Amino acid sequence: MQLSLLQMIRAGIAALAVVGGSAAAQAGSYPDKPVRLIVPFGPGSVTDQLARITADKLGKTLGQTVIVENKAGAGGNIGAGYVASAPADGYTLLLGPASTNAVNPSLYHDLKYDPMKDFVPISNVASVTNVLVVPAEVPVHTVQELIAQLKQSSAYSYASGGAGGTQHLAAELFKSMSGTQMLHVPYKGGGAALADLLSNRVQVMFCNLPVCLPHIKAGKLTALGVSSARRSELLPQVPTIAESGLPGYEVDGWFGLFAPTGTPDEIVAQLNAEMTKMLNTPEVRQLILAQGATAEPGSQQDFARFVQGEHDKWARVIKQAGITLE
């Protein structure tokens with residue numbers, strides 16, 4: 001018996017409903033296997049510690065294991081490049097710092113990935129501020145006093161843990177905005193730089209706040225200002241550099257969650273929602289604060305705009321300072 005036109009239409013609608021329901025079920029099944037979180041630096045780094053906090057807590061909210069994998073080398077470019085070329089299915093993610101996802105394109109001419117094209121930003125995770133410090137023997141106590149000294153004398157030098165790092169770029173931005181000059185003395189790591197700063201062999205440093213905090217409290221270093229947009233919970237009495245005479249100055253060491261471009265929007269939205277929920281819990285905020293960092297929850301759209309802004313800012317600073325790395 002032939003089906004009537006009405007019966008055929010009803011059958012077609014039912015079939016479409018089944019297909020649509022199946023597709024919706026597939027879209028809503030993420031994740032149905034372990035997720036890999038790639039860290040572009042070695043174990044024990046701040047990036048690694050934040051990744052392990054993220055993996056533990058995010059895995060519990062997703063109901064699936066999140067495995068941390070360290071793929072270090074080439075200033076973080078190896079790990080970032082690995083994720084950039086991974087399948088865009090939400091199962092390979094990057095815990096990327098400012099260097100790999102905003103700074104390195106302007107430093108390395110042979111970069112194998114484009115962070116603006118090859119990644120979709122999911123969520124900011126945390127930020128670590130630097131503090132502008134001088135040895136106690138240096139006769140300055142404020143940012144404005146330091147600027148005045150730098151304009152009168154060419155004898156000042158600043159230390160960094162290596163060319164192209166946040167400490168180096170923070171100082172170059174400071175020089176540019178204040179119209180001053182200092183000699184850059186790069187070291188093979190922040191520890192060696194800090195040792196010479198404490199010995200007054202160099203006079204200025206943008207130091208990772210948690211590292212320098214004990215020396216500030218001991219009176220060996222004078223904290224002039226923090227590089228973040230707001231005062232630090234770890235050193236609330238010290239003003240920001242922006243409020244100390246350089247409005248607009250802001251440098252944060254930040255860390256975010258990224259996925260390869262092409263990752264489905266619903267997965268990106270799901271991950272952002274879970275990260276926002278997680279980063280707003282007192283437990284996670286305290287775990288991150290224990291690493292000397294501040295939790296930074298927010299929308300996916302705000303984080304994407306932030307990353308683009310960081311990329312553009314550092315491109316200008318690096319070009320002006322003539323910094324290149326091989």
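Residues are numbered from 1 along each chain as its sequence is written, and side-chain values use heavy atoms, with hydrogens and water left out. Local features need pLDDT of at least 70 and side-chain atom pairs count only at pLDDT 80 or more, while totals for chains, interfaces and linings use all residues.

**Figure 1. Overview of the protein chain.** The chain holds twelve helices and ten strands; these are DSSP runs numbered from the N terminus, helices being H or I of at least four residues and strands E of at least two. Its C-alpha trace spans about 100 × 40 × 35 Å along the principal axes. Of the 326 residues, 48% are buried, where buried means under 20% relative accessible area, exposed over 50% and partly exposed in between (1.4 Å probe, protein chains only).

**Figure 2. Confidence and the stretch 12–27.** Mean pLDDT, the predictor's confidence in each residue from 0 to 100, is 90 for the protein chain, and 91% of its residues reach 70 or more. Over residues 12–27 the pLDDT is below 50, and beyond near neighbours in sequence this stretch has one contact in the model (contact means heavy atoms within 4.5 Å). Where pLDDT is low, the predicted coordinates should not be read in detail.

**Figure 3. Helix 4, residues 98–107.** Eight of the ten residues in helix 4 are buried, so this helix is largely enclosed by the rest of the structure. Among the buried residues are Ala98, Asn101, Val103 and Leu107.

**Figure 4. The aromatic pair Phe258 and Phe303.** The whole structure contains eleven aromatic pairs. Rings of Phe, Tyr and Trp (its six-membered ring) pair if their centres lie within 6.5 Å; planes under 30 degrees apart count as stacked, over 60 as edge-to-face and the rest as tilted. Phe258 and Phe303 form a tilted pair, 5.4 Å centre to centre with 50 degrees between the planes. Phe258 lies in strand 9 (residues 252–260) and Phe303 in helix 12 (residues 300–321), so the pair ties together parts that are 45 residues apart in sequence. Both Phe258 and Phe303 are buried. One aromatic cluster is formed by Tyr113, Phe119, Trp254, Phe258, Phe303 and Phe306.

**Figure 5. The surroundings of Tyr187.** Tyr187 sits in the loop between strand 6 (183–186) and helix 8 (190–198). At 17% relative accessibility, Tyr187 counts as buried. The C-alpha atoms of Tyr187 and Gly162 are separated by 5.2 Å, although the two residues are 25 apart along the chain. Leaving aside neighbours within four places in sequence, the contacts of Tyr187 include Ala159, Gly162, Ala192, Asp196 and Val202.
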